[in-house]
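The following note concerns the contact between the two chains of the model.

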Amino acid sequence: MPSAYERPVGKHTAKQSFYILALLSGILSSFTVFTDVTAMVVAMPNEPVAYGIITQWLGLLASVSIVLIVALPSFKHRNRPIGYFLDPNYDKPRIFPWRIMKWVVASGFFGGISTLFYYLLASQNDSSLVLPYSQFVVIYLMFADLMNEKDFPSAVEIQSILSITFGVILVGSSKGAMDLFDLLIVLGPLNISSALYVIYLSKATRMKIKARQNVDTLNLRIWTLFFMNIFMTLFSIPLINDHVMQVIIDKFWITAPYSVLGMILIFFSIIAYTRALSKGKMSVVSSLASISTIMGIPLTLIASLIAPQIFGPISTDSLGWTLKIIGTIFVLSGIVLLSVSEVRAIILVRSRTGSGDLLEKIGKIRGVESVAAVASDYDYIVRIKVRSIGKAENLVIKQIEKIDGIESIYTLITMREFV
Amino acid sequence: MISAYILITVELGKTQAVLDGLRNILQVTCVSVTTGIYDIIVRIDTESLERLYEITVNEVHKIDGIVSTTTAVIEKEFKTE
């Protein structure tokens, strides 16, 4: 079995793969508008709890099947499972040790709460109303990133994230107003629990199974979904009565195809999302993934053309379209702004003899990704990642120069990086 | 397990060829193309010093377009997260 470190470096630069993954996750999830709306309208109107339970558990079944299927060796490379192409860290289905599993359980707990709230709200409102407001989670994630001193968002990031979030909300508000009480539930409990879900998920992605093997996103997804479903079902017990049970039994086979199809899309969307999460800041990944709202516009349009009885007629409200267009511009400009502002550099450091161990001193500087003490012409090799060359100069290089015992440094700005 | 950085100077105009060559080495985990006193910085993760020697001598040094290399073996590493 090839281990994670024995694989060729990718064809895309590190930055390209981060943006591709985050945007792909949003695009994939936007397609679920077809399955979700159809299922809610055709199969079970006004039965959010029943629909939620069927969808989530069938989703787990579908996800586990995918993870088992992709454990088979691929045709081209016999020694690699197919799942390698979804996530190079994947080798086989596995149970994580408790030090990783505790984050998965925590993530599942909050994921369960937010999922239940989502199904409850989506039944009373149009689900396309709830989704844009649930993107408000990005603001909470930004605060979480702010509190994490090593991952402090820069002014450019805050500006682009706000631009994306407000753009998404503008697009959302073009569809009409949401009940104030429901809106508060979305902004409060729903978004806070989904922020905590992302925070713990992100913690789990940064764990290692063995010294050189990172947690893979495929196994991570099935375990998070498993605990999410358990908690969601537990919390919805007070809402389950004979009627709900009856609906589950009666409508199971009508709902199943939509649920499975939707959850397969979600599975691949989450894999992309989680892989991006392991590479970058939570707020950046989530705001890139909110491209789903923009994708939702043409998709709903197509859906309305094909099946107006389900998706409703095409809107001719000019105010609505103005808001949609302004919102789209905000979102796209935010994404472009984020992607053009990222600088990586490698700094070679020589220290004076007898200066002792500077490893931790350098490592604690903000913006430093990693620092290695090496045996060579140089003593330390430092990798940094910042939002602008100016910031690299001020925040990082000057801080390194200030450390007592450093003799000279060479800065190499990275133009392209492949991992 | 042994990790090392290899600092590489590349012949003018051969950067892409060197990149393609490096990509074929399985133990290479990260390749950065940089400005400054070196052109490409490569990170290698492998089992032992011996294996590292084999990879640098038999694989890296044989890539056409590489002018010189400096290998820096990592003794200790500090990573955020």
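1. Chain A and chain B bury about 3,400 Å² between them, with 61% of this area on carbon and sulfur atoms. Buried area is the accessible area (1.4 Å probe) that two parts lose on being put together, summed over both. In contact terms (heavy atoms within 4.5 Å), 42 residues of chain A meet 35 residues of chain B.

2. This is a predicted model, in which local features need pLDDT of at least 70 and side-chain atom pairs count only at pLDDT 80 or more, while totals for chains, interfaces and linings use all residues. Residues are numbered from 1 along each chain as its sequence is written, chains are lettered from A in the order in which they are written, and side-chain values use heavy atoms, with hydrogens and water left out.

3. One salt bridge is counted between chain A and chain B. Its partners are K76(B) and D357(A), whose closest N and O atoms are 3.6 Å apart; the criterion is a side-chain nitrogen of Lys or Arg within 4 Å of a carboxyl oxygen of Asp or Glu.

4. On the side of chain A that touches chain B, strand 6 (406-418) is among the elements that supply at least two residues. Strand 6 of chain A gives the largest share, nine residues. Strands are DSSP runs (E, at least two residues), numbered from the N terminus.

5. Strand 6 of chain A runs antiparallel to strand 2 (residues 28-34) of chain B, and four bridges join them. Within strand 2 of chain B, V31(B) is the bridge partner of F418(A). Pairing requires at least two DSSP bridges between two strands.
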